[in-house]
Every structure is written in structure tokens, then in C-alpha cells.
Amino acid sequence: MPTKDLTIAMVGSGGDGVVTMGEMLAQAAARDGLNVIKTEAYGPQIRGGETSCVVRISSEPIHAQGEAVDVLAVFNWGDFGRFKGEIVLRSNAAVLFEEGDAGAPAPADLGLGEGHRWIGVPFAKLATESTGTKAAKNIVSLGLFAELFGLPAESIRKAVERRFSKKKAAVLEANLKGLDAGTAYAVGIESQVAERRLEYQVKPKKLLMSGNEAAAVGALHAGCRFFGGYPITPSSEVLHFMSEWLPKVGGSVVQTEDELAALGAVVGASFAGVKAMTSTSGPGLSLMTEMLGLSAMAEIPAVVIDVQRGGPSTGLPTKSEQSDLWQAVFGGHGDQPRAVLAAVDVEDCFHAMVDAFNISEEFQLPVVVLSDQGIGQARCTLDAETLVHEVVDRAVPPAEAQGKYVRYLDTESGVAPMSAPGMPGLMYQTNGLEHTEAGSPSAMFLTHEKMNAKRYRKLRPIRDKYQRYLRFGPEKADVGIVCWGSSAGPVREAVAEANARGEKVAAFVPQLIYPFPKHPFLDFVSKVDRLVLLEISYAAQFYKYLRTFLELPEERLSLFKRSGAKNLTVGEVKAEIEKALKLAKSVEVPA
């Protein structure tokens, strides 16, 4: 029986074209209006090393990477072994592997069961015979996939043509021959996987975008015109995107010598009156701490997106983790207010960045946006009409303030209009020292207390105005799940499945981490019998952060936490829901 939801995993070495193959599959599916989530994982090597790419294609809305793989293509079993425990196969998955791979171990050694359908395919031989090089085995695989699993053959062909359109005609012709060779070979084995064929109707094409690209587009939409950055995995695509597109809208990009200089350049550009940002990951955010303090003290807008990876130190540069939360909220010396947002998926990276600029510009403080490798480098389909968001600009002094301008006026909101260098009669002194309302340096206790109060006064209006959180499921529930960031996708799918079974399960996902949406959260907690908190942090950073300002109902709370390097799965969420439902039912209800 055909399926409406298909997850394909591809594994090979660097140079096998696994990620390229996944990208062309995703492009083809998006062109036919299908829903796609593509993720990739690879080792820490600069070149070569193991690589995997997982593409989920569905005719129905999807929010998470596939829970289990339906189709696995392996070019080298040695590479697959390095993803043991990360790529999980469905019980009757189709496993296509390089025929005659001398390094093939026993399935049990790889964590694979015996119930899969094992299909040996001479990928390298087919590629060599049809194109003259075994390097084209990824293209051969695309033809094979299209025929075996009912994938959009014509759109896959167009994706291949687009990929090689700038190459010599002979190169494109050879690759198209490889595609046809894969299609022809599949005809003889398609009966073995008939139930894995994708069933769908062609619909209007969708955008295909990564979280890092969506964040960059959001920044451009918000009016960002300066980017200062230093490349670091897995955030470098933001820098690449801005390097190409920012100059086209009159902006500037500077690749600095390190992350400290990057945020310093951002603060300088913002001081000059330009909306500015940088991107980084955990180690880079550590180096930016001093400049975050300057942004807070001098009340200069600055936006940082941190695409989290596994840590500490160099850690796991190519894998995801939710372990920068404490650093984002608390990292720094002295009392320095800031806002911290969290993107929950690729589309939300766009909206989170616009809100980050809006908050930073309106309230004149640094804003950190937390993404992670799981959504930053994932590519997902979305509809173009969703990329719309209101933009807020900073307040500038009125003309009548000339000659009597007080930069840090202690207003009710904590915000005073900000001039830029060159505005007549609106000069002021500023630096990293504590200062009076006029900007003059001061070490007096009374001044320090007054200005701290002024700066922190901005947080409550941010919390009240920017109600960034998701809440789904019934209003009252037996089980309520709390998570943040990229964990929202698996939670959304698990909650939907539970609701479809008649189980009362709901979820709360804060997208504004600091200042926290306390009142909506407490309302949610009051309407669920059992609370389950999920996070991908071994130290349970989110749980412990909540306990710094909330009394959590420990007697009815369950905590699921683990290390990163593997994204949260729908299966893990479902297991926690099942446990919580049993606990909820076991509690006696007073007569």
C-alpha cells in the first residue's frame, strides 16, 4: 500500500555526494509542492569523513525529522557504523547497499534488525558504466529512488540539470545518463518495495530554506544593513548569505579577525545609527561576552544569533545541543539586561530575527537569538506568504531636543531617544563606564543604582509586548509538555498523535526565554495534571533556569534530559507521554 510520508537516509564518505543527493531530492519535492525536512550530519573532519543526510517527504504537514527511516542507502558500511544510534530504521525498512562491500559487518553490530529488506545495488559499477566515473553514484541513486519510491522524477531531472547547468555540456549529459541508469536498474527490483511508494498530488511549489538562511532573510527584512562576523560551524551560512545579499541592498559585511571584534564592529555600526548583527556558535558567544556588556551599559542595540552545537570547548561542531542557554541568559560580568529569544523551526528563524531587531532597536539593549544546528542547517519547505512581519525602528530625538539633549534620560519606560553621530546639537558622551543621565562618567552609588534600575525597567515591557510562545493541545489536559527551541517540532507531532487517540495532552513552548512569559506559563501549568519538561541538555539547563524564578510543581513533574549529538525524536516524546499518562491515572482523585 502506498505511503503519504517517506523518510530516506543516505550515508557515505565526504565526496560521495550524499548531501548533494539529499539537496536535489528536497528541491524536487519542494517543486512539486510536497512538504520536506532535510537534515544532515557529518564528522568533525575538515574534509572527508562520514556523512549522512536524512530527507523526510510528505504530502501532509510535518514538523520534525522522520521518527524512523523507511529507506536507507549506504555507500560504505564503515561510515554507517559512525551513526549507530542516530539513524533508526523502521522494522521493515528497505536497505540499499553497495553490492560487494567488503567491509559489511553483521546487521546486529550496526544496531539493525533482521526484518529489513536488504537490496544489494552496484552503485559504483552503474555510475562508472554510464558516466565514466564512480563519483556519479549519487546521481545514479536519484534515478533509482525516483523509480522505486514514486518520487517526482521530472522534478529530480530538473534539479540535476540545474545543479550542472554551469558545467560543460558533456558533464551534464553524463550525469543525466547516470540518472537514467539508476531508473533502468530499479525496474527489476521495484516489486520488493511497492509499499514504500509515495502517494501525492502535485501542488504549487514551495520555498526550500535552511534555518540559517531564514534568519538572514529575517535580518534583511528587519532592516539590517551591517553584519560583522567570524565563520564558525554551524552558523557560517548566515555570514555567507549576508555576504552575498547585504551589499545588494546597500549594506556592508566585514569578516573580522575573531568573534570579539565581530560584536565590537556591530556595536560600532549600531552606535553610528545602522541596524547591525552578528552570528556565532557557543565558543564564539563566549568571546562576545565583553561586548554584550558594552551594548547593555551604553544602551546600544545589537543582535546576535547563536546557532548552538555540542559543547563545551570545541565539543561537537557538527551536532546539535541546547546547552548555551545559561550563557545566553546569564553570561557576562555585572548586572547587564538583555533579551533572549529561541527559534523553534526554520520559519520561526525568520520571525525570531525580526523580533530580535524590533526589541533591540525599541529598547536599546543586546538581544541573543538561540537557534541550533538541528534547525540552522536543516532545510525545510515553507510558503512565501508566511515571511511577513512588522518592523520597528529606533526612536530618534526630535528637532527641539537640539542643544539640550539628554541621552540617558531616566524615563518611565527606561528608554530615551538615541541620536547618531553627525546629528546637529545632539552629541553626547558614551563608553563602557557607568554614567549620569547626560552620559558623564560617574562612580557614585546613587547614580549606579538609579541607572541599573533604568536599564532593567525595560524588561517587563518586553515581556508584556512580545508574547512569544506556542501553546497547542486542549486547554485542560492530563499531561502538559514544556520544551523550547527545536524540540518543539517532535513535541508538536507527538501531541497531535496523542490527541488523535483521544488522549488529553497539551504543550507550552516559550519563544521568549528572557524575560520569560511567566503568566501564560503559570496558566498552562495550572491546567494540566502532570507536567513533563523535555530538553537536550545533560545539565538540565532549562529546568534549572526556570527554578531560578518559579516554584515548579515538583510533585507532579517529570524531567527528560540528555546530551545532544542527536535531535529529540517523536518516539522519545511519545514514551514520556505514555509514562506521564500512567502516573496521572494512578493518582487518586479525592471524593
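Select Asn-138: with a relative accessibility of 7%, Asn-138 counts as buried, because buried means under 20% relative accessible area, with exposed over 50% and partly exposed in between (1.4 Å probe, protein chains only). This is a predicted model, in which local features need pLDDT of at least 70 and side-chain atom pairs count only at pLDDT 80 or more, while totals for chains, interfaces and linings use all residues. Residues are numbered from 1 along each chain as its sequence is written, and side-chain values use heavy atoms, with hydrogens and water left out.

Not counting residues up to four places away in sequence, Asn-138 touches Asp-16, Gly-17, Thr-20, Met-21 and Phe-75 (contact means heavy atoms within 4.5 Å). Asn-138 lies in helix H4; helices (H or I, at least four residues) and strands (E, at least two) are DSSP runs, numbered from the N terminus.

Now select residues 123-131, helix H3, together with residues 137-149, helix H4. The two pack at an angle of about 105°, with their axes 8 Å apart. Axes here are lines fitted to C-alpha atoms, for helices over the stretch in contact, and angles run from 0 to 180 degrees between N-to-C directions. H3 is therefore roughly perpendicular to H4 (65 to 115 degrees; under 35 is roughly parallel, over 145 roughly antiparallel, the rest oblique). On the H3 side, Phe-123, Ala-124, Leu-126, Ala-127 and Ser-130 make the contact; on the H4 side, Lys-137, Val-140, Ser-141 and Leu-144 do.

Next, select Asn-212 in helix H7, residues 211-222. Is Asn-212 buried or exposed? Its relative accessibility is 0%, so Asn-212 counts as buried. Leaving aside neighbours within four places in sequence, its contacts include Pro-234, Val-307 and Gln-377.

Arg-379 is buried, with a relative accessible area of 15%.

For another salt bridge, select Lys-248 and Glu-244, with 4.0 Å from N to O. Lys-248 is exposed at 54% relative accessible area, whereas Glu-244 is partly exposed at 45%. Finally, select Glu-23, Lys-38, Glu-40, Glu-213 and Arg-379: salt bridges that share partners join these residues into one network.

Conventions: A salt bridge is a side-chain nitrogen of Lys or Arg within 4 Å of a carboxyl oxygen of Asp or Glu.
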